[in-house]
Amino acid sequence: MTTVSPAVSRLPADPSLISLVYHHEHPVRASEFDDTLEVWTVSARIDADILAEDMAAYSDVGQETLDALEDVPVGRMSFVRVRMFGPDDPFEAMDAYTQDLCRIGETVLDVDEGEFTREFEDAVAHPVGDLLVMDRVILEPAWCGFGLGPVLAGAAIHRLSQGCTVVACQPASADGREMSDDQHREATAKLGRLWSTIGFEPFSNGVHLLDCHLQRPLDLHAERQEEFSVLCRSWREHHRP
């Protein structure tokens, strides 16, 4: 049997059972900026029914226990697709949404013209298409430390980025902790290195870009998927030798 890190035993459940659930809501009659900003909430979870089926197949737990199972939360993400050719000025839409989105807009867009800046166009392979912003990626504490952040974010980006020129993010801690300036810089640098494992590269003013038209992000996505497969196999070897 393959030697498995004891840390794998601390995972709450089999990671191969994780699914991503996408939620996007919009009114039938669009109001201000609804046709320009497309907000997606992505939940990572293990469905209770799937977990029950798995437990029933590999253990002797009773039906009462299986019926009491609930969904297992793994994490949550938020993405905002900015439609560059919609009816509204894209920067005005980003400015009206959140300060974080506004800062990214100020970096990649010509505020007066509502178009990509020359610096942005020079930095990417094909500067035509929508802009996808990775706004938040938050894991439940029990699932941290296993490399799942890039795996989940990469899978969501793979699904949501069709027709986009880049994915943008501004690495920063999202857990609400009070930090000193040095701690903030250290956390930002660490997150920048983390997101580089799925293809994000520094651009300007703390904004990082993943170029949707390059092969490298696809290759890195495949690498993270393989690492995830190894994690899943390790969990099963530990729990079902």
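This is a predicted model: local features need pLDDT of at least 70, side-chain atom pairs count only at pLDDT 80 or more; totals for chains, interfaces and linings use all residues.
The phi angle of Asn205 is near 55°, a positive value in a residue other than glycine.

Phe33 also has a positive phi, near 70°, and is likewise a residue other than glycine. Phe33 lies in the loop between strand 1 (19-23) and strand 2, but Phe33 is buried, with a relative accessible area of 12%.

## Helix 6

Helix 6 covers residues 148-160, and at 1.5 Å a residue its 13 residues should span 18 Å, which agrees with the 18 Å between its end C-alpha atoms. Because 10 of the 13 residues are buried, helix 6 is largely enclosed by the rest of the structure; among the buried residues are Leu148, Val151, Leu152, Ile157 and Leu160, together with Gly149 and Pro150.

## Nonpolar cores

The largest nonpolar core has 37 residues, of which Ile46, Phe79, Met134, Trp143 and Phe200 touch the most other members. At least two residues of this core come from each of strand 2 (37-46), strand 3 (72-82), strand 6 (130-139), helix 6, strand 7 (164-169) and helix 8 (215-239), with helix 6 giving the most, namely seven residues.

Leaving aside neighbours within four places in sequence, Ile46 is in contact with residues including Ala13, Leu17, Ile18, Leu51, Val72, Val74 and Trp143, and also with Asp14 and Asp71. A second, separate core of 22 residues includes Cys102, Val133, Val166 and Val207.

## Salt bridges

The structure holds 12 salt bridges, one of which joins the side chains of Arg81 and Asp130 at 2.9 Å, N to O. This pair links distant parts of the chain, since Arg81 is in strand 3 and Asp130 in strand 6, 49 residues apart. Arg81 counts as buried at 10% relative accessibility, as does Asp130 at 8%, and both belong to a network of salt bridges that links Glu38, Arg81, Arg83 and Asp130.

The side chains of Arg136 and Asp100 also meet in a salt bridge at 2.9 Å, N to O, and this pair too links distant parts of the chain, with Arg136 in strand 6 and Asp100 in helix 4 (residues 99-108), 36 residues apart. Here Arg136 counts as partly exposed at 33% relative accessibility, and Asp100 counts as partly exposed at 24%. Glu223 and Arg224 form a further salt bridge through their side chains at 3.4 Å, N to O, in which Glu223 is partly exposed at 41% relative accessibility, whereas Arg224 is buried at 9%.

How values were computed: Residues are numbered from 1 along each chain as its sequence is written. Side-chain values use heavy atoms; hydrogens and water are left out. Helices (H or I, at least four residues) and strands (E, at least two) are DSSP runs, numbered from the N terminus. The expected span of a helix is 1.5 Å times one less than its number of residues. Buried means under 20% relative accessible area, exposed over 50%, partly exposed in between (1.4 Å probe, protein chains only). A nonpolar core is a set of buried Ala, Val, Leu, Ile, Met, Phe, Trp, Tyr and Cys residues joined through side-chain atoms within 4.5 Å. Contact means heavy atoms within 4.5 Å. A salt bridge is a side-chain nitrogen of Lys or Arg within 4 Å of a carboxyl oxygen of Asp or Glu.
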